[in-house]
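Here is a guided walk through one protein model. Keep the structure in view and follow the residues as they come up.

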Amino acid sequence: MKWPKVFRSKRQEGGGRLSYASSPLLATPTPVGRSRLLLALVGLGFVALAARAFYVQVYAEDFFQAQGDSRMAAQLELPASRGRIQDRNGQVLATSVTVPSVWAIPEDIKATPAQRQQLARLLGLTRQELDGKLDGTGRFVWLRRWVDDETAQAVRQLKLAGVHFEREYSRRYPEGEASAHVVGFTNLEDKGQEGIELAFQKELQGRDGSRSVLRDRLGRIIEDRGDLVPPLDGRDVQLSIDARVQFYAFQKVREAVAEHKAKAGSVVVLDAHTGEVLALANYPSFDPGTRKNLSGNQLRNRALTDVFEPGSTMKPLVIAQALESGRVRPDSVLNVAPRSISISGWSPSDVHAYGDLTVAGIIQKSSNVGTVKLAMQMPAKELHEVFSGVGFGQRPGLNFPGAISGKLRPYKSWRPIEQATMSFGYGLSTSLMQLARAYTVFANDGAVLPVTLVKREAGEPVVGQRVFSPETARTVRDMLQAAAGVGGTAPKAQVAGYSVGGKSGTAHKNVEGGKGYVNKYRSWFVGLAPIRDPRIVVAVMVDEPSKGVYYGGAVAAPVFSQVVGQTLRWMGVPSDLDVNLQAAAMNSGEAAVLESF
């Protein structure tokens, strides 16, 4: 190497080595105080660093670990799939599917006003709603849950920083409004709010799992931490409901409400052998998968929550007790002239003047006077025991939210006029489900059955509560057949090929607020089929028919006929009547039938 000229002689004098002491700058001695200060400052720096390291890694380790975890570590919930709700044949009434949901980290959002406007449009939000979510300071906000795949794909194509996606379970209800009041619905957190979804929340919900992960600042998972806890899916619930019967009953009661310009309607179908509920339909209804702008009128499960005075449907119970106690026989004759009877200054009356009627004729013609005469022969306690024995004044025993007990006052408080009016269905209240259950006492040879919305196991014994003897129940069944036939009050209840029996009812509505009875009606029909070996009990109620016809035999009985016929065919119950002979009998008695109204 060739050295510069200025250094060359010095290098030569020093034996070829450069002497740094010859530099004036390097040869100047450093003051001792400055050196010590510099050394002290360096030492203090190391002490501060060591103290800080001790504070971070030892003294405040938990705090800083928690701060780090809050930014990087995450405990992901692995949601369990909610159990399915099925009908008695395995058809799905409610199930869970995975759908995308959109969320965001507000502090990471970098979107132009135009992009925000487009995002709001895709998510079905107003611009103000979207800005309210994105302009916050949190690290997580839901933008829209349970969107469809097309919407999620459109949002992805915007490629917005800070917008993320997560798949969640969403509930689907294939039968829609037909079974809405039975199945119910869940909220955004997949918790049951109504119906079976609420009643069986514990069984359906399962148990969520968890996964510990580390995320980067963009929210991406970069590492798993700890063990994975797998989710435990919910248990399926199989109902006693038959989806075919449920849909058909809903369809027919909806048509009846529209035809008669009524306020609402309900149908209950019970298996007369097991007490299983085959259908529980109400109209108006709602779509449980789309619950926007719902009203209480739509949500009410009227068959269980609405109570009413049952009117003439109570008469068969009074007649049954009169027969059971030996006071009368089916052919015993009572004089019901002159159309009315005076009780404590009040005179219940019949629609027509009948003169003398047999006990069977009292049911067939629905005579108030005849029924009152028999009821007043009984102690109040005896009649009360019959009414409570078939379930009035008690909850129907269903594991279902909203089922109510109705009203049956203690017999000790009954006055004679109240005992008389209760015999034809005024002064007590019941739900349509309670009324249907009460009629299982006739279908099941005198024993009222417990009802259930859950499918019973094959061969499972069903023990009823005996109220009447088998002989009395069969005798009343024959009377109910006459009431629903030629010369009775409900010939429109007849079903081609099947024998049926039942009782119509029509009652003025008692308006709340002390206004008393008004010129509005509830119409219903409850009955059973076939008569010799009943397989089903069907109860129908139509609330406030307003097209000029309001008798139960004209409004509710046709719905009964349609539902019974289709249900028995689906159940494979063989016909027990000759269709041609049945039609001939009905045609020959048409004039008498019309007169009975």
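A salt bridge here is a side-chain nitrogen of Lys or Arg within 4 Å of a carboxyl oxygen of Asp or Glu. By this rule the count comes to 27 salt bridges. The model is predicted: local features need pLDDT of at least 70, side-chain atom pairs count only at pLDDT 80 or more, and totals for chains, interfaces and linings use all residues. Residues are numbered from 1 along each chain as its sequence is written, and side-chain values use heavy atoms, with hydrogens and water left out.

Start at helix α6, residues 127–134. Helices (H or I, at least four residues) and strands (E, at least two) are DSSP runs, numbered from the N terminus. The buried residues of α6 are Leu-130, Asp-131 and Leu-134. They fall within an arc of 100 degrees seen down the helix axis, so they line one face of α6. That arc is taken from the directions from the helix axis to the C-beta atoms. Buried means under 20% relative accessible area, exposed over 50%, and partly exposed in between (1.4 Å probe, protein chains only). Gln-128 and Gly-132, on the other side of α6, are exposed. The cover over the buried residues includes β3 (92–104), α5 (113–123) and β4 (141–144).

Asp-131 meets Arg-116 in a salt bridge (3.0 Å, N to O). Arg-116 lies in α5 and Asp-131 in α6, so the pair ties together parts that are 15 residues apart in sequence. Both Asp-131 and Arg-116 are buried. A network of salt bridges links Arg-116, Arg-127, Asp-131 and Asp-135.

Another pair follows. Glu-197 forms a salt bridge with Arg-171, with the closest N and O atoms 2.8 Å apart. Glu-197 sits in helix α9 (residues 195–199) and Arg-171 in strand β5 (residues 163–172), 26 residues apart. Glu-197 is buried, at 0% relative accessible area. Arg-171 is buried too, at 5%.

Now turn to the nonpolar core. Such a core is a set of buried Ala, Val, Leu, Ile, Met, Phe, Trp, Tyr and Cys residues joined through side-chain atoms within 4.5 Å. The largest has 88 residues, of which Leu-317, Phe-387, Phe-392 and Phe-442 touch the most other members. Helix α14 (residues 315–324) gives the most to this core, with six residues. A second, separate core of 31 residues includes Val-267, Ala-279, Ala-557 and Phe-560.

Note on methods: Contact = heavy atoms within 4.5 Å.
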